[in-house]
Amino acid sequence: MSGAVYVTLSDDGITGETDGVAINGQMVTITAEGTYIFSGTLSEGQIVVDADNAKVQIVFDNVDITCASSAAVYVKSAEKVFVSVSEETTLPVLLFIPVQPATAVMDNAVAQNNASSFFLL
């Protein structure tokens, strides 16, 4: 995708372009509007969306991410968050999205991913 930010998840270190992304250990924080494409495996980590008044698209392309202590994906703030997943993606943990102010839109692949649980609070 043109203009997208690509992030590779790995227990040995997370790599990716840094515009709109802050990487701190095993945590990735999205801080700006845009499209973010994730790939790889993270056995104990988290993706946080903290992008006030921004529209964020997250694409999981062959991702396996878990976080025993919290949600693997936490939307702290955003105007809208769009989530798409490939068939090879496993999200066996929670996706936490507060309803206000963010609006979450998930495609059919997410809805059909039996291992995923999505909570709107």
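This is a predicted model: local features need pLDDT of at least 70, side-chain atom pairs count only at pLDDT 80 or more; totals for chains, interfaces and linings use all residues.
A word on naming: helices (H or I, at least four residues) and strands (E, at least two) are DSSP runs, numbered from the N terminus.

**Strand pairing**

- Strands pair here if DSSP finds at least two bridges between them.
- S1 and S5 run parallel and are joined by five bridges; valine 5 has tyrosine 36 in S5 as its bridge partner.
- S5 also runs parallel to S7, with eight bridges joining them, and leucine 42 stands opposite isoleucine 65 in S7.
- Strand S4 (residues 27-30) pairs with S6 in the parallel sense over four bridges, and here valine 28 stands opposite isoleucine 47 in S6.
- S6 pairs with strand S8 (residues 73-77) as well, again in the parallel sense over four bridges; valine 49 has valine 75 in S8 as its bridge partner.
- S6 is mostly covered, with four of its five residues buried (under 20% relative accessible area; exposed is over 50%, partly exposed in between; 1.4 Å probe, protein chains only).

**The nonpolar core**

- A nonpolar core is a set of buried Ala, Val, Leu, Ile, Met, Phe, Trp, Tyr and Cys residues joined through side-chain atoms within 4.5 Å.
- The largest one has 27 residues, and Leu9, Phe38, Ile47, Val49, Ile58 and Phe60 touch the most other members.
- At least two residues of this core come from each of strand S1 (5-9), S4, S5, S6, S7, S8 and strand S9 (80-85).
- S7 gives the most to this core, with five residues.
- In soluble globular proteins, nonpolar side chains tend to be buried together.

- Phenylalanine 38 counts as buried because its relative accessibility is 0%, and phenylalanine 60 counts as buried at 2%.
- Leaving out residues up to four places away in sequence, phenylalanine 38 is in contact (heavy atoms within 4.5 Å) with residues including Val7, Leu9, Val28, Ile30, Ile47 and Ile58.

**Around aspartate 50**

- The model has one salt bridge (a side-chain nitrogen of Lys or Arg within 4 Å of a carboxyl oxygen of Asp or Glu).
- That salt bridge brings together the side chains of lysine 76 and aspartate 50 (3.9 Å, N to O).
- Here too distant parts of the chain are linked: lysine 76 is in strand S8 and aspartate 50 in strand S6, 26 residues apart.
- Lysine 76 is partly exposed at 47% relative accessibility, and aspartate 50 is partly exposed at 29%.
- The side chain of serine 77 makes a polar contact with the side chain of aspartate 50 (2.8 Å).
- A polar contact is a pair of N or O atoms within 3.5 Å; within protein, one must be able to donate a hydrogen and the other to accept it, and residues adjacent in sequence count only if both atoms are side-chain atoms.
- Serine 77 is buried, because its relative accessible area is 9%.
- Not counting residues up to four places away in sequence, serine 77 touches Val49, Asp50, Ala51 and Asp52.

**Two asparagines with positive phi**

- Asparagine 53 is not a glycine, yet its phi is positive at about 55°.
- You'll find asparagine 53 in the loop between strand S6 (46-50) and strand S7 (55-65), where it counts as exposed at 66% relative accessibility.
- Asparagine 62, another residue other than glycine, has a positive phi near 60°.
- Asparagine 62 lies in strand S7 and is partly exposed, with a relative accessible area of 44%.

Technical notes: Residues are numbered from 1 along each chain as its sequence is written. Side-chain values use heavy atoms; hydrogens and water are left out.
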